[in-house]
Each structure stands twice: as structure tokens, then as C-alpha cells.
Amino acid sequence: MFDRVWTHANLATMEGEGLGVIEDGAIAARDGRIAWLGPRAALPGPAAETTDCGGAWILPGLIDCHTHLVFAGDRSDEFERRLAGEDYAAILQSGGGILSTVRATRAADEATLLAAARPRLAALMAEGVTTVEIKSGYGLERDTELRQLRVARRLAAELPVAVRTTLLAAHAVPPEFAGRRADYARLVAEEILPAAADLADAVDVFHDRLGFTTEETLRVADAARRIGRPVKLHGDQHADVGSAALAARLGALSVDHLEQANAAGLQAMGRAGTVAVLLPGACYFLREANRPDIAAMRAAGVRMAVASDMNPGSCPTVSLLLMLNFACTLFRLTVGEALRGVTRQAAAALGLDDRGRLAPGLRCDLALYAIARPAELCYWIGRNPCIGRVLEGH
Ligand code: NIG
Ligand code: FE
């Protein structure tokens with residue numbers, strides 16, 4: 001006996017190389033896991049509850065594997081400054097940008113941060129997102145970094161969604177450490193990171209010309225290894241600083257951005273199994289001329305995930321579906337690559353093997369869409385055809 005069955009649905013399982021489509025299928029849940037799936041006519045047993053999906057499509061619940069959705073304030077003023085000709089890097093270097101969000105976030109208590117984050121997460125969920133990664137990185141000192149991570153965990157306790165937390169204390173150099181970047185990296189490694197051990201599932205570093213050097217990144221990565229947390233990098237975004245090769249060498253889960261990564265680095269990622277997380281919304285919003293080298297990634301067998309990068313400075317979006325469209329239009333991903341990028345490969349970017357596909361034994365996290373073909377999820381600009389969401393069978 002199954003707990004619940006969804007019938008009369010087309011399934012995009014993400015198994016095999018493509019979308020793994022099963023037309024006119026059914027899927028059954030027991031104890032929060034997928035118990036069976038296949039053609040509707042072959043459905044084996046009875047279920048306590050049956051839902052007729054009326055020909056809708058079912059995908060694995062979407063996974064947004066890169067967000068900064070816990071922060072206070074916004075940066076629409078900075079957007080106007082950029083429209084008037086200033087650039088992102090210059091604004092950051094003059095104490096704005098990330099640092100202006102740091103000021104607002106430091107001043108916000110837990111309830112304020114929670115209230116600001118809740119509707120952002122709810123918007124992602126309404127599109128079919130069932131797992132979301134949330135980074136800190138707008139505290140740049142211990143207590144605020146921990147507060148951001150606690151809020152991320154509280155969102156998961158409050159809302160029907162799975163949250164993975166990432167400590168990104170090495171996101172920028174805080175004003176009190178101006179001119180002493182290496183000292184701040186040491187503080188991250190020696191003090192902030194150990195204090196976050198119980199709250200962070202992973203550790204991220206902004207390895208970039210505007211962020212931290214290779215040596216500083218290695219120091220933080222080493223501290224992450226000591227507490228048994230995997231590493232992710234924001235890398236090769238504003239310049240090729242060798243993030244791709246560094247991540248491969250570190251056995252990092254992912255490198256995110258990669259607009260300027262070199263081919264040798266991408267080959268190393270392919271060999272190491274490090275996932276490339278593509279963030280087309282940031283390219284769009286910053287009007288970045290450099291694009292990730294998708295052809296080189298394909299040639300190197302690099303797994304490609306797609307994420308929102310939801311943040312107030314470089315990508316103020318609450319739509320992962322819009323990012324599917326951007327991934328196809330700006331980066332020329334195929335529909336199959338884009339949809340696998342927000343399911344199967346996004347799970348890999350978080351080091352999760354219990355979701356992101358439809359297969360017996362995996363978590364029964366589903367997204368239901370009223371569409372005729374999966375390509376519609378990439379095709380529409382700002383339309384949400386999600387009609388249902390299932391988290392662990394509910
Ligand atoms: O992923 N280092 C980059 N971090 C964000 C931008 C954060 C911000 O501008 O507030 C990113 O693009
Ligand atoms: Fe980011």
C-alpha cells in the first residue's frame with residue numbers, strides 16, 4: 001500500500017542523459033520517499049490517496065543551489081548609480097556594494113531578517129523549488145554571520161522547504177579590516193568558521209580579483225576541511241584567477257560563476273567532478289560581456305548546474321524559472337541541460353544524492369507544472385506554470 005499516488009502525469013525523471021521522460025506515468029510515495037514510478041498502466045498497488053494530475057508534468061522538485069536570500073535593505077539606489085555610469089567594482093571599492101548590505105544586515109535583528117527573507121523564499125517555492133541553498137556573507141563578523149545562518153535554518157523549520165546553509169564569511173573585507181585582508185581571512189579560518197560548525201553545511205569563498213587571493217582561499221578551505229565541511233567557490237567571475245583549477249585541486253563541490261575561467265581549469269574540473277554553477281542572472285544584471293565557456297565545459301564533461309544567485313547587488317531576482325530562460329538565451333544551454341541544471345546537477349553542487357531525480361528510494365520532492373512540453377519551463381519569460389509542490393511525499 002502506498003501513502004499517495006499521482007497519476008495521469010508526464011514524468012521528467014532526469015535519469016540517463018536527457019530528461020528521462022515517461023509519458024502518461026504515475027509516481028507513488030511511501031514514508032516520504034519515492035516508492036515506485038513508471039507508466040500509469042503498470043501502477044502496482046493501491047494507495048491511501050490518489051491525485052489525478054490531468055496530464056500535467058512532474059519534475060523532481062527544483063533545487064536553487066546558490067542564493068544569498070537572507071539580507072536586509074536593498075540596493076536599488078546603487079542600481080540607479082550604475083545606470084548613471086558607475087560600475088559594480090568601483091561602487092564596492094568605495095565602500096558601497098556588498099558593504100552597504102553588510103551595514104544593513106549587521107543592524108537587523110533575527111526577526112527582521114526572517115521577515116525580509118520569508119517572501120523571497122516563498123516566491124522561489126511557488127515556482128516548484130523544494131531545496132534551496134542559503135549563504136551568509138553579509139555579516140563579515142562572527143555574530144552576524146551566525147545570525148544569517150540561524151535565520152536560514154529557521155526558514156526551513158517554518159516553511160515546507162529543505163534548506164542547505166553555506167558560510168560565506170570570506171565574501172568581502174569588512175571595513176574594520178580595510179587594508180588587512182589577509183588578517184580577516186585568518187579570522188574567518190580561525191574564529192568564524194569553527195564557531196559556525198553546527199550551522200553551516202558547506203563553506204564558500206569569493207576567490208576573485210575583488211575578493212580573496214588563492215593563499216587566503218586555501219587558508220579558509222583548510223579550516224573547512226578541519227571541521228569536515230565541503231568547499232564551494234565563487235570563482236573566475238570578474239577575472240581569470242585560476243578558480244577552476246584551484247577548486248578541482250581542493251575537491252570542491254562546485255565553482256560558481258566561471259565567466260572568465262580558462263579551458264585547462266575547466267578540464268581539471270571535469271576530471272575532479274567539480275560542478276560548474278552557472279548564474280546567468282548576474283551576467284544579465286551586471287551586463288557582463290564575458291560569458292562562461294559552455295562549449296569548453298561540454299567538451300571537458302563538466303556538470304553544469306543553474307542557480308538564481310538571488311542577492312541584492314548583482315542579481316535581485318526571486319525566480320529560478322527566469323534563470324532557466326536566461327541560461328538558454330544568454331548561455332545557449334539546451335533545454336535538457338538547463339532543466340538538469342536546476343535538478344540533478346544542482347543536487348550534485350550541494351553534495352546531495354538523495355534528490356534531483358525521480359527514482360525509487362529518493363526523497364519524494366516533486367514539482368507539478370501545467371505545461372504541454374518541458375521546454376515551456378525555459379521558454380516563457382516571467383510566467384509561472386507551477387500548480388503543485390510535494391515535499392517528502394506531502
Ligand atoms: O554572487 N561575490 C559575489 N557575491 C554576489 C554578489 C553580492 C552582492 O553584490 O551583494 C554574487 O554575485
Ligand atoms: Fe553569489
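Biologist: Are H66 and H234 buried or exposed?

Modeller: Both H66 and H234 are buried, where buried means under 20% relative accessible area, exposed over 50% and partly exposed in between, with a 1.4 Å probe and protein chains only. This is a predicted model, in which local features need pLDDT of at least 70 and side-chain atom pairs pLDDT 80 or more, while totals for chains, interfaces and linings use all residues. Residues are numbered from 1 along each chain as written, chains are lettered from A and ligands numbered from 1 in written order, and side-chain values use heavy atoms, without hydrogens or water.

Biologist: Why is the pair of F71 and Y138 called edge-to-face?

Modeller: Rings of Phe, Tyr and Trp (its six-membered ring) pair if their centres lie within 6.5 Å; planes under 30 degrees apart are stacked, over 60 edge-to-face and the rest tilted. The centres of F71 and Y138 are 6.2 Å apart and the planes at 70°, so the pair is edge-to-face. F71 and Y138 lie 67 residues apart in the chain.

Biologist: How do you know that F71 and Y138 are buried?

Modeller: F71 has 3% relative accessibility and Y138 has 2%, so both fall under the limit for buried.

Biologist: What makes the pair of Y184 and F212 tilted?

Modeller: The angle between the planes is 35°, at 6.2 Å centre to centre. Y184 is in helix 6 (residues 181-195), 28 residues from F212.

Biologist: How do you know that R120 lies over the face of F71?

Modeller: A charge sits over a ring if NZ of Lys or CZ of Arg is within 6 Å of the ring centre and within 35 degrees of the ring normal. R120 is 3.6 Å from the ring centre of F71.

Biologist: What span should helix 5 have?

Modeller: The expected span is 1.5 Å times one less than the number of residues. The 17 residues of helix 5 should therefore span 24 Å, and the end C-alpha atoms are 24 Å apart, which agrees.

Methods. Helix = DSSP H or I, 4+ residues; strand = E, 2+ residues; numbered from the N terminus.
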